[in-house]
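Me: I have just opened this one and would like a slow walk through it. Could we take it piece by piece?

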Amino acid sequence: MNRRGLILSVLALGVAGFGGATWFATRPGPVAEAEPVAPELADAMIRPYSPILGPAEAPVTIVEFFDPACEACRAFHPIVKDIMAEHGDAVRVVIRYTPFHGAASEEAIRVLEAARMQDVYVPVLEAVLREQPRWASHGAPAPGLILQIAATAGLDAEAARTQMLAPDVVAILNQDRADVETVGIRQTPTFFVNGKPLDPFGEAELRRLVAAEVAAAQS
């Protein structure tokens, strides 16, 4: 988050003004030519285990370095969903975990991985982000609160307590932390579209970069 507080404030005002249901609109504009990441970083961008939202074989891939406790990630989530809806089968999103908010972030990631094991990843992700102000406050959330929230979206909380501690989940956390360092991620969310970094950062820029990559894939 950090330097993106102003962006977040504007987004929050927009959501409030439109009842949280209206998607943000942008006008077409010129697309800056972005260079893909260096080849030696390609493996660190996407791992075979990384959660994928959307069609697995989509020609355009948005990689989002994502912290479930990040307010800006929460604000951008409906925008990312709208971009996926706009472009249909042409776009997928790959989630890379970036636990910058400490223990709260890590617990949420473990819950999400348990949800993936139980095939309820998307509804639990939606619930975790919707209720983020309750469990991700700067204070200490009540023990087990995020599990209770996830249970309302279909998670078997009792089974999840064991799944959250599985060696595979620990390995995912460790590898994603290492990849965050390798790629040089310092803030969340950070987006790459077909390996091209989103710079400058913003909703309009993300929409334009995705649209340009979709057009190139379909030409």
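Predicted model: local features only at pLDDT ≥ 70, side-chain atom pairs only at ≥ 80, totals over all residues.

Me: Which residues of α9 are buried?

Reply: The buried residues of α9 are Val-169, Ile-172, Leu-173, Asp-176, Asp-179, Val-180 and Val-183. They lie on the same side of α9, because the arc they cover around the axis is only 135°.

Me: Why would residues spaced like that point the same way?

Reply: An α-helix has 3.6 residues a turn, so residues three or four places apart point the same way.

Me: And what is exposed on the other side of α9?

Reply: Pro-167 and Glu-181 are exposed there, on the other side of α9.

Me: How far does α9 reach, and what follows it?

Reply: Helix α9 runs over residues 167-183, and its 17 residues reach 24 Å from the first C-alpha to the last, which is close to the 24 Å expected at 1.5 Å a residue. It is followed by Gly-184, which has a positive phi, near 85°.

Me: Switching to α4, what span should its 15 residues have?

Reply: They should span 21 Å at 1.5 Å a residue, and the end C-alpha atoms of α4 are 21 Å apart, so the two values agree. The buried residues of α4 include Ala-104, Ile-109, Val-111 and Leu-112, and also Arg-110 and Glu-113. Asp-119, which follows α4, has a positive phi, near 60°.

Me: On to the sheet, then. What is the order of its strands?

Reply: The order is β1-β3-β2-β4-β5, in an open sheet of 5 strands with mixed pairing. At the edges stand β1 (52-53) and β5 (196-197), each with a single partner strand, so one side of each has no neighbour in the sheet.

Me: How does β2 pair with β3, and how with β4?

Reply: Strand β2 runs parallel to β3 (residues 91-97), and 7 bridges join them, with Val-60 standing opposite Val-91 in β3. With β4 (residues 190-193), β2 pairs in the antiparallel sense over 4 bridges. Within that pairing, Val-63 has Phe-192 as its bridge partner in β4, while Glu-64 has Phe-191.

Me: Which helix belongs with β2 and β3 in a β-α-β unit?

Reply: That is helix α3 (residues 71-87), which makes a right-handed β-α-β unit together with β2 and β3.

Me: Is β2 itself buried or exposed?

Reply: Strand β2 (residues 60-66) has 7 of its 7 residues buried, so the rest of the structure largely encloses it. Both of its faces are covered, with Val-60, Ile-62, Glu-64 and Phe-66 buried on one side and Thr-61, Val-63 and Phe-65 buried on the other.

Me: Last topic, cysteines. How many disulfides are there?

Reply: The count comes to 0 disulfides. Cys-70 is in none, and the nearest cysteine sulfur to its own, that of Cys-73, is 3.2 Å away.

How values were computed:
Residues numbered from 1 in each chain as written. Heavy atoms only, no water. Disulfide = S-S within 2.5 Å. Buried < 20%, exposed > 50% of the residue type's maximum accessible area, 1.4 Å probe, protein only. Helix = DSSP H or I, 4+ residues; strand = E, 2+ residues; numbered from the N terminus. Pairing = 2+ DSSP bridges. Right-handed = clockwise from strand over helix to strand, strands pointing away. Expected span 1.5 Å × (residues − 1). Arc of directions from axis to C-beta.
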